[in-house]
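Please look over the chain shown here before reading the notes below. They are meant to be read with the structure open alongside.

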Amino acid sequence: MSTDISGTGLAGRIAGFVDDVITPIAPAMARGEGPSPRRIVEAAGEAGLAGILTPASFGGAGGTHRDFIQFIESVARADASCAVILDVHLSVGTEPLLIFGNDDQKSRYLRKLAGGEWLAAFALTEAGGGSDAVAMRTRAVCDGDTYVLDGAKAFITGAGDADLYIVMARTGDGARGISAFLVEAAWPGVSAGAPLAKMGLHGSWTGELVLDGVRVPAANRLGDEGVGFTVAMSALDSGRVGISAQAVGIAQAALDAALETSRRRAGAGSAVDVTAIADMEVLTAAARQLTRYAAALVDAGGRVTLDAAIAKLYATDACVAVAQSAVDLCAPESGSDSHPAAVRFRDAKACQIYEGTNQIQRVVIARHLLTD
Ligand code: COS
């Protein structure tokens, strides 16, 4: 993808950022030895890409969701860890502030996030209730003009390195008893566990966020009390389109690896599995089109829950299938853990799990069909 969709000059900046910043560090990121997530976002800020969706009046690039998916796909094709770091920062880490933030909150935080000075994270999941988000136990108790937050969030992308967390916590019962808060990492009572040792995405930090009597000013509640579940779900609608784009980039990279090996082997007189290669291209191209369609719907406004779920489900399943085919086509070299197909295969799996498992996407899709 190289078209300049919104005429903001972003396509050239994205291509330059990927070539100059991401590609050189990709092998180190895949080993978990690359720069920290905040450093990746700082570098994006220096390239004018840490606030793609943020209006220019707050220091962002004023781009569209089609620009955003172009960015995430391009980065993921070079390195999937950097893609998820940037995706979370730009989508679920920043978009709730863009949509639900008041002027005071926007003016205090958006410039830092869009400039890449601060890294943003999204804290919804808890150890006891990943898919059942309403079952969260983290509490926010109102005490005068502050809320006191107690609880623990799990599997948080950027935990330990982020500067600002969007935290969902319980202020009442049920889905309407959840509120969203802007919580600064430097505040007393905020701490993070060590990054998890994951199967893939070794360059992206994922870990626990602990909130121990954290006093959050009421001015940092995002939206009204009780709308936190809507904040989280609408953030995930758009976030899932970003994960779809990440999956497309991973699939494309796996296909690139398979093509490189197949061309080399064909040159040496070996047969090429044209069926596998054609099927990989069809899956990747179809996933890209569904992702672009969902991104265009986000740009058009309105609710995209169904189309985001369809894109996320299809693109992430396609990405795992394509990466697995790449491992098969590149065998036996792909048995090495640093082989591009092996790296993609490990990175691909998480896309089916985070920002709502693919089983949850099926629940969302089926509910729409059964109730609309
Ligand atoms: N946008 C806006 N509002 C939404 C919404 C969306 N996409 N999805 C649900 N809501 C609202 C509903 O309209 C409902 O509001 P009312 O009470 O006013 O009617 C409320 O939220 C509760 O919705 P629902 O009854 O559908 O909640 P459920 O407990 O059944 O949960 C699922 C719905 C399973 C879809 C939700 O829990 C989910 O997405 N889970 C996965 C969480 C996830 O993605 N975690 C990953 C975190 S980031 S790695």
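This is a predicted model: local features need pLDDT of at least 70, side-chain atom pairs count only at pLDDT 80 or more; totals for chains, interfaces and linings use all residues.

## Domain layout

The chain is divided into three parts: domain 1 spans residues 10–114, domain 2 spans 120–228 and domain 3 spans 233–371. These bounds come from an automatic or database domain assignment. Taken over C-alpha atoms, the centres of domain 2 and domain 3 are 29 Å apart.

## Interface of domain 2 and domain 3

On the domain 2 side, eight residues are in contact with eleven residues of domain 3. Together the two domains bury about 710 Å² between them, and carbon and sulfur atoms give 71% of that area. Within domain 2, the residues that lose the most area to domain 3 are Ser-131, Met-199 and Leu-201, which together account for 63% of what that side buries.

Two residue pairs, both at pLDDT 80 or more, are in polar contact between domain 2 and domain 3. Zero salt bridges are found across this interface. The side of domain 2 that touches domain 3 consists of five nonpolar and three polar residues, with no charged ones.

## Helices α1 and α4

Helix α1 covers residues 10–31 and helix α4 covers residues 80–90; their axes come within 8 Å and cross at roughly 120°. From α1, the residues Phe-17, Ile-22, Ile-25 and Met-29 take part, and they meet Ser-81, Cys-82, Ile-85 and Leu-86 of α4. Sorted by class, this contact holds seven nonpolar residues and one polar residue, and no charged residues.

## Salt bridges

Side chains of opposite charge can pair when their charged atoms come close. Over the whole structure, the search finds 15 salt bridges. One of them joins Arg-108 to Asp-104, with 3.1 Å between the closest N and O atoms; the cut-off for such a pair is 4 Å.

Why are Arg-108 and Asp-104 separated by about one helical turn? Both lie in helix α6, residues 103–114, and they are four residues apart there, so the separation comes to about one turn of the helix.

## Backbone features

Which form does the peptide bond from Ala-331 to Pro-332 take, cis or trans? The bond is cis, and its omega is near 5°. Pro-332 belongs to the loop between α9 (305–329) and α10 (340–351).

Phe-155 is a residue other than glycine with a positive phi, near 55°. Phe-155 is located in strand β3, which runs over residues 146–157.

How values were computed: Residues are numbered from 1 along each chain as its sequence is written. Side-chain values use heavy atoms; hydrogens and water are left out. Axes are lines fitted to C-alpha atoms, for helices over the stretch in contact, and angles run from 0 to 180 degrees between N-to-C directions. Helices (H or I, at least four residues) and strands (E, at least two) are DSSP runs, numbered from the N terminus. Contact means heavy atoms within 4.5 Å. Ala, Val, Leu, Ile, Met, Phe, Trp, Tyr, Cys and Pro count as nonpolar, Asp, Glu, Lys and Arg as charged, and the others, Gly among them, as polar. Buried area is the accessible area (1.4 Å probe) that two parts lose on being put together, summed over both. A salt bridge is a side-chain nitrogen of Lys or Arg within 4 Å of a carboxyl oxygen of Asp or Glu. A polar contact is a pair of N or O atoms within 3.5 Å; within protein, one must be able to donate a hydrogen and the other to accept it, and residues adjacent in sequence count only if both atoms are side-chain atoms.
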